[in-house]
Amino acid sequence: MKSMQNVKIIGTGSYIPKKVLTNEDLEKMVDTNHEWIITRTGIAERHIAEDNEATSDVASKAALKALKDANIKPEEIDLIIVATNSPDMAFPATACLVQKNIKAINAATFDLQAGCTGSVYALVTAWQYIATGFYGNALIIGAETLSKLVDWTDRNTCILFGDGAGAAVLKANKEKGILSGCLKGDGSNDDLIMLPAGLSRNPASHETVEKKMHYVKMKGNEVFKLAVKHMKRTTVETLGKCNLSVEDVDCFIPHQANIRIISALTRVLKIKEDKVFVNLEKYGNTSAASVMIALDEAVKEGKIKNGDIVVLTSFGAGLTYGSIVLKWVK
Ligand code: UT7
């Protein structure tokens, strides 16, 4: 085992399915309206995967873009982590299916399930593997097709989620690109966001299907309050670990779940609005893909420049929370 190494992100990529579902489209499906959705969530539209498009498909497309951006060949990748809550199947891991699709024949592969915080968990996990010298590089992908797990008759959830994927390639580097991370779990609030049936607690049966237990269930209001409190906590703690403060942040990328959550968080953290990256009006909540899609867009739009301090922070089912601080040294 080599001594601890510095790690940086050397490439990013994202993929959004073509099909758009607007708030006006949703008005025809459930008892809702554009005004309610836009003012309560900030979402105007979301993208929905095709019937024959699964999570490994969107993940693979984002992965190939990240590899191209990183100028690295698939066979050079040592590790693939897919963060998802909507895997193709219970097993094999979606990461194995991605490996097959992109021909990353030398990679280790596993999925990471940490709600919408999955990508932050995956970034921190891959960072540790590379920092210890166990692997030279890693491909991490946040990918979802939650549209397949949402009850399209439940207005409490179906208006929120969208499909997509975002990826990053991490590599050992002379200069530090990942400065610190902070991950937290809160299993005592396991019932706030869940998909109750289809596995060992409630195996699929006629009854579970009739009761719609194979769809996402959420107590949105309770999640809202905890999200702000705990994302503030992990952001402050992560910045503190690398002796930085909120004033040092050049680009803040929060989980794209609800504009009111983002506004409340930036208000309590006292981060200037022009430093906060928001794209949820176009994509809705893409869960584990959210901050990775946002990171890729922020970089491609020139909102992140060399030397910038970037913070990603997220929350989700579990509950889980996490933040990571990057110095952009691409
Ligand atoms: O990635 C983590 C995933 N989870 C989240 O991000 C969830 C975080 N929570 C939220 O984003 C918000 O709590 C929601 C957007 C889910 C809901 O917003 P809210 O302001 O907390 O609304 P509410 O649940 O308190 O509902 C207020 C009212 C209710 O009507 P009454 O009881 O006041 O008459 C709901 O029935 O709004 C009603 N409502 C709707 N009305 C029109 C709920 N959903 C809708 C809808 N359209 N789609």
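**Figure 1. Helices and strands of the predicted protein model.** The protein has eleven helices and 13 strands; both are DSSP runs numbered from the N terminus, helices being H or I with at least four residues and strands E with at least two. Its radius of gyration, taken over C-alpha atoms, is 19 Å, close to the 20 Å from the globule rule for 330 residues, so the protein is as compact as a globular protein of that length. The globule rule is 2.2 Å times the number of residues to the power 0.38. The C-alpha trace spans about 55 × 45 × 35 Å along its principal axes. This is a predicted model in which local features need pLDDT of at least 70 and side-chain atom pairs count only at pLDDT 80 or more, while totals for chains, interfaces and linings use all residues. Residues are numbered from 1 along each chain as its sequence is written, and side-chain values use heavy atoms, leaving out hydrogens and water.

**Figure 2. Contacts within the protein.** Of the contacts (heavy atoms within 4.5 Å) with a separation of 6 or more, 78% join residues 24 or more positions apart.

**Figure 3. Cysteines of the protein.** The structure contains zero disulfides, a disulfide being a pair of cysteine sulfur atoms within 2.5 Å. Cys251 is in no disulfide, and the nearest cysteine sulfur, that of Cys242, is 15 Å away. Cys251 is buried (under 20% relative accessible area, with a 1.4 Å probe and protein chains only), at 3% relative accessibility. Cys116 is also buried, with a relative accessible area of 9%. Buried residues make up 56% of the 330 residues.

Technical notes: Buried means under 20% relative accessible area, exposed over 50%, partly exposed in between (1.4 Å probe, protein chains only).
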